[in-house]
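Biologist: I would like to learn how to read a protein model. Please take me through one, feature by feature.

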Amino acid sequence: MKTKLIIFAAVLLATTGIAFAAIHHYGFILSCGKEAYYWADHELSSTELLKITNQLENEHCAKKTIDNNEPLLEDANRP
C-alpha cells in the first residue's frame, strides 16, 4: 500500500512539474519603477518582448491626461 501511495505521489509531482515547465514566465522592471509580470505558453521573440514592454509601459507608467473641458483649479478670486 505504501509503495502505491509513493508511486502515485511521484507521478502526481512529475506531471505537475511538466505542466508548469511549459509556461514561460517573464518579469519586467518598468521605467517608472514598477514591476510587471507576464507569462506565455511559448518562448517570446525579442520583437514580442519589446511590444509587450511598450504595452506595459503605456498601461502602468503613462501619465493620466485630464479632459480639456474640466477646470483644473477654480480660483474664487478670479472672475
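The dialogue below goes from the overall fold to single residues.

Modeller: Some ground rules come before the features. This is a predicted model, in which local features need pLDDT of at least 70, side-chain atom pairs count only at pLDDT 80 or more, and totals for chains, interfaces and linings use all residues. Residues are numbered from 1 along each chain as its sequence is written, and side-chain values use heavy atoms, with hydrogens and water left out.

Biologist: What is the mean pLDDT of the protein chain?

Modeller: pLDDT is the predictor's confidence in each residue, from 0 to 100. Here the chain's mean is 77, and 66% of its residues reach 70 or more. Among the elements, helix 2 has the highest mean, 93. Helix 1 (residues 2–21) has the lowest, 69.

Biologist: How many helices and strands does the protein chain have?

Modeller: Helices (H or I, at least four residues) and strands (E, at least two) are DSSP runs, numbered from the N terminus. This protein chain has two helices and two strands. Along the sequence the pattern is α-β-β-α.

Biologist: Which residues make up the largest nonpolar core?

Modeller: Start with the general idea. In soluble globular proteins, nonpolar side chains tend to be buried together. Buried means under 20% relative accessible area, exposed means over 50%, and partly exposed lies in between (1.4 Å probe, protein chains only). A nonpolar core is a set of buried Ala, Val, Leu, Ile, Met, Phe, Trp, Tyr and Cys residues joined through side-chain atoms within 4.5 Å. Here the largest core has eight residues: Tyr 26, Phe 28, Leu 30, Ala 36, Ala 40, Leu 44, Ile 52 and Leu 56. Strand 1 (24–29), strand 2 and helix 2 each supply at least two residues of this core. Of the chain's 79 residues, 10% count as buried.

Biologist: Which residues is Ala 36 in contact with?

Modeller: Contact means heavy atoms within 4.5 Å. Leave aside neighbours within four places in sequence, and Ala 36 is in contact with Tyr 26, Gly 27, Phe 28, Leu 30, Leu 56 and His 60.

Biologist: Now helix 2. Is Ile 52 buried or exposed?

Modeller: Ile 52 is in helix 2. Ile 52 counts as buried because its relative accessibility is 9%. Beyond neighbours within four places in sequence, Ile 52 is in contact with Phe 28, Tyr 38 and Leu 44.

Biologist: Why does Leu 49 count as partly exposed?

Modeller: Leu 49 is also found in helix 2. Leu 49 counts as partly exposed because its relative accessibility is 25%. Not counting residues up to four places away in sequence, Leu 49 touches Tyr 26, Phe 28 and Leu 44.

Biologist: Which residues make the nonpolar surface patch?

Modeller: Patches are made of residues with over 30% relative accessible area and no salt bridge; like charges are joined within 9 Å, and nonpolar side chains (Val, Leu, Ile, Met, Phe, Trp, Tyr) within 5 Å. A salt bridge is a side-chain nitrogen of Lys or Arg within 4 Å of a carboxyl oxygen of Asp or Glu. Accessible areas come from the Shrake-Rupley method with a 1.4 Å probe; for residues, only the protein chains shown count as cover. Here Ile 23, Tyr 37 and Trp 39 make a patch of about 370 Å². Tyr 37 is in strand 2 (residues 35–40). Tyr 37 is exposed, because its relative accessible area is 56%.
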